Amino acid sequence: MRIGVAKEIKAQEYRVALTPAGARELVLQGHEVLVESGAGAGSSFADAEYEATGARIVYVDEVWERAELLLKVKEPIASEYGRLREELILFTYLHIAADEPLTRALTESGVAAVAYETVETDDRRLPLLAPMSEVAGRLAAQAGAHYLERPRGGRGLLLGGVAGVAPGKVVVIGGGIVGYNAAVIALGLGAQVTILERSVDRMRHLEEILHGRVSLMMSSSLQIEASVADADVVIGAVLIPGALAPKLLTRETVAGMKDGSVFCDVAIDQGGCAATSRATTHDDPVYDVDGVIHYCVANMPGAVPITSTKALTNVTLPYVEAIAEHGLVEAVSRDPALARGVNVLDGRITYEAVAEAHGLDFTPLEDVLGAAA
Ligand SMILES: NC(=O)c1ccc[n+]([C@@H]2O[C@H](COP(=O)([O-])OP(=O)(O)OC[C@H]3O[C@@H](n4cnc5c(N)ncnc54)[C@H](O)[C@@H]3O)[C@@H](O)[C@H]2O)c1
């Protein structure tokens, strides 16, 4: 198959959808790989590194026009809509339930659109979202340590303490992928860590894998109030699948936190878990409410594109290989997780939540495939 890798043109996006290592695997499997010139630059991969794998460096028109499977990181933006076409398989993060113009552009163009974020295993894991949660969780602990420093506006406390001086206290609300990774790094920095969770099973698992090195507490509004009042860093890491984040910290709870403490709301991309949260950017990441530094960057992994690109492509490559080897129709019939990733096919919306979000018709994937057969 002819596989294209487009350069991301959305503002502040430095990731690329395929590393030179991934390109080499695809070339070795007999595929043709076209990489848009400069596509890897934001992640420190030069064109020459791709060329050395046997991939070809091409201009933007060629990558979009000649690819049979086009790999991207972010959804196409308006200036790219005209490039969508029949016979093209687009594999990328799409998030189209929140984007009606793009949904229409995809259906009207006849492109086959497969979304990273809806690839879902039978046990309900989202394998192509998980690595970004790992990155964001780890960064959150680092951001907490950084903004606790006095010149950054924080209390002026070293998270790890030193011999004879107590470490700082980190409270993580939500012990999923983000929460676990935040806890691991906070522990590594020497902090005293508490995780508040709602699922007892998840707490049992965390206790086991963290060898009892964190305090695990049942999450309740009373416990949250008490824990955050005593914390130096609070990390919001909750998720209720398919819903906005619950507002677990009221304005009064935030006001009850220590002066110069740091609240890092990773759940901000789902609206945030505090009444005081609003999305920020890497250019201007923090603001102050009642003496509490709020770090609420909605695309945290964007700060570390080298790591994020590698983590993302590690998990996307097996799906790319499957589509390239078997073609989309055969690949989705072999793998129900990949089938759940198909959002638009032959002008039909095949992902129910997307159709519902826009009040448009939903056609089950099997029906579209059956009609095409
Ligand atoms: N800002 C960013 O750049 C960025 C990047 C990646 C993920 N995220 C967001 O981080 C959040 C967490 O993602 P994840 O992958 O860790 O999800 P996850 O599903 O792995 O974990 C969420 C956890 O929250 C727990 N939870 C739910 N309600 C709770 C409550 N009231 N109190 C305590 N715990 C509760 C769940 O039991 C679960 O263990 C999501 O909102 C996700 O969108 C943000």
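Which side chain meets that of Glu32 in a salt bridge? In this predicted model, local features require pLDDT of at least 70 and side-chain atom pairs pLDDT 80 or more, whereas totals for chains, interfaces and linings use all residues. Residues are numbered from 1 along each chain as its sequence is written, and side-chain values use heavy atoms, without hydrogens and water.

The partner of Glu32 is Arg66, at an N to O distance of 4.0 Å; a salt bridge is defined as a side-chain nitrogen of Lys or Arg within 4 Å of a carboxyl oxygen of Asp or Glu. Glu32 belongs to strand β2 (residues 32-36) and Arg66 to helix α3 (residues 60-66), so that the pair links distant parts of the chain, 34 residues apart; helices (H or I, at least four residues) and strands (E, at least two) are DSSP runs, numbered from the N terminus. Both residues take part in a network of salt bridges that also includes Arg2, Arg56 and Glu62. By the stated rule, the count comes to 19 salt bridges.

A further pair, Asp230 and Lys169, meets at 3.0 Å (N to O).

Within helix α11 (residues 328-334), Glu330 and Arg334 are separated by about one helical turn because they are four residues apart. The closest N and O atoms of their salt bridge are 2.8 Å apart. Arg334 counts as exposed because its relative accessibility is 54%, while Glu330, at 35%, is partly exposed (buried, under 20% relative accessible area; exposed, over 50%; partly exposed, in between; 1.4 Å probe, protein chains only).
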